[in-house]
Amino acid sequence: MKHVMSQKYIIALYTLPALLLILILIYIPVVLSGYYGLMDWNGIGEMEFIGLENYVTLIQDKVFWTSTWHSFLLAIFSTLSLLLYMGVSLILASKIKGSDILRKIYLIPMLLSSVAIAQLWMKIFDPTNGMLNKLLELFGVENTPIWLADPNIALYAIFIPIIWQYAGFYILIYYAALKNVPDEIIEAAKIDGASPLQIALRIKLPLISNVFKITIMLAVVGSLKYFDLIYVMTGGGPNGASEVIASYMYKEAFKLNNFGYGSAIGFGLLVICLVMTWVTSRLTKTNEDVQY
């Protein structure tokens with residue numbers, strides 16, 4: 001077996017199917033997206049080459065930049081929410097009673113489709129019979145918000161179910177990382193008189209810092225290309241108040257049949273994701289690898 005795997009053509013043969021899948025599913029669509037962005041095309045008829053006109057329009061498009069800002073806000077909120085997920089994971093990993101049941105409960109949103117979650121939270125946000133406004137009325141709030149119809153708060157209201165949707169995913173990642181921290185290190189810290197808070201901040205968190213960096217990357221990039229729940233709940237409204245890059249791209253390409261411009265938006269989204277991936281990796285880069 002070792003002799004077979006030492007042959008370069010055998011290695012190439014094994015990796016060829018995966019490379020073909022990556023080429024067909026990722027690189028070719030990326031190239032086609034950039035190519036279609038050079039065309040005036042409704043997605044069905046003949047394409048007309050217009051050069052960089054779509055990309056010039058994209059740079060000058062205020063709606064696109066507003067949508068980009070909304071996506072960046074979601075990325076910021078998602079990154080900050082990682083601190084909450086980390087805190088919950090630290091509590092669960094401290095061997096409290098019922099931690100196994102709690103972990104299963106936190107995973108429930110992951111088992112639901114985005115459409116089901118959107119429908120659930122639309123009922124919660126309902127201005128007349130929604131659970132949230134009913135609770136506010138119990139506390140004496142008279143003018144309860146119209147959550148998804150108020151341009152000033154619609155975007156932030158949607159952030160709540162998005163953060164709730166992915167809570168179980170990140171909590172599970174952090175929990176698994178924390179459980180891999182050797183018990184000997186924790187016991188030695190306790191013997192030295194370290195408090196639970198000191199153990200968490202000075203031992204556990206530094207030892208799983210690499211995992212935290214990866215989740216920051218996932219949160220940022222995932223937020224920038226987020227689409228489904230926002231589109232179902234508000235469709236980017238009211239009046240574009242909750243529009244993000246992906247929903248704007250969908251509208252241009254499939255609702256307005258402006259497939260060429262929609263492809264340009266998609267290619268612009270790709271560029272933004274690549275830039276933010278590089279920026280995030282640089283900001284979270286360290287010269288030392290934690291070993292234990």
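Biologist: Leaving aside neighbours within four places in sequence, what is Phe64 in contact with?

Modeller: Phe64 is in contact with Leu58, Ile245, Tyr248, Ile265 and Ile272, where contact means heavy atoms within 4.5 Å. This is a predicted model, in which local features need pLDDT of at least 70 and side-chain atom pairs count only at pLDDT 80 or more, while totals for chains, interfaces and linings use all residues. Residues are numbered from 1 along each chain as its sequence is written, and side-chain values use heavy atoms, with hydrogens and water left out.

Biologist: Which residues touch the most other members of the largest nonpolar core?

Modeller: Phe64, Leu82, Tyr85 and Ile265, in a core of 37 residues. A nonpolar core here is a set of buried Ala, Val, Leu, Ile, Met, Phe, Trp, Tyr and Cys residues joined through side-chain atoms within 4.5 Å. Buried means under 20% relative accessible area, exposed over 50%, and partly exposed in between, with a 1.4 Å probe and protein chains only.

Biologist: Which element gives the most to this core?

Modeller: Helix H4, with eight residues. The elements that give two or more residues include H4 (62-93), H10 (167-179), H15 and H16. Helices (H or I, at least four residues) and strands (E, at least two) are DSSP runs, numbered from the N terminus. Apart from this core lies another, of 19 residues, with Ile117, Leu148, Leu155 and Tyr226 among them.

Biologist: Staying on H4, is Ser89 buried or exposed?

Modeller: Ser89, which is found in H4, counts as buried because its relative accessibility is 0%. Not counting residues up to four places away in sequence, Ser89 touches Tyr170, Ile171, Tyr174, Tyr175 and Leu178.

Biologist: Back to H15 and H16. At what angle do their axes cross?

Modeller: At roughly 160 degrees, with the axes of H15 (residues 245-255) and H16 (residues 259-283) coming within 7 Å. Axes are lines fitted to C-alpha atoms, for helices over the stretch in contact, and angles run from 0 to 180 degrees between N-to-C directions. H15 and H16 are therefore roughly antiparallel to each other. Angles under 35 degrees count as roughly parallel, over 145 as roughly antiparallel, 65 to 115 as roughly perpendicular and the rest as oblique.

Biologist: Which residues of H15 and H16 meet?

Modeller: On the H15 side they include Ile245, Tyr248 and Met249, and on the H16 side they include Phe259, Ile265 and Ile272. By class, that contact has ten nonpolar, two polar and one charged residues. Ala, Val, Leu, Ile, Met, Phe, Trp, Tyr, Cys and Pro count as nonpolar, Asp, Glu, Lys and Arg as charged, and the others, Gly among them, as polar.

Biologist: And H7 with H9, how do they pack?

Modeller: H7 (residues 114-124) and H9 (residues 154-165) pack at about 135 degrees, with axes 11 Å apart, and are therefore oblique to each other. Ser114, Ile117, Leu120 and Trp121 in H7 meet Ile160, Pro161, Trp164 and Gln165 in H9. That contact has six nonpolar, two polar and no charged residues.

Biologist: New topic: what about the whole chain? How many helices and strands?

Modeller: The protein chain has 16 helices and two strands. Its C-alpha trace spans about 75 × 75 × 30 Å along the principal axes. Of its 292 residues, 37% count as buried.

Biologist: Last one, where is Leu136?

Modeller: In helix H8 (residues 131-138). Leu136 counts as partly exposed, because its relative accessibility is 23%.
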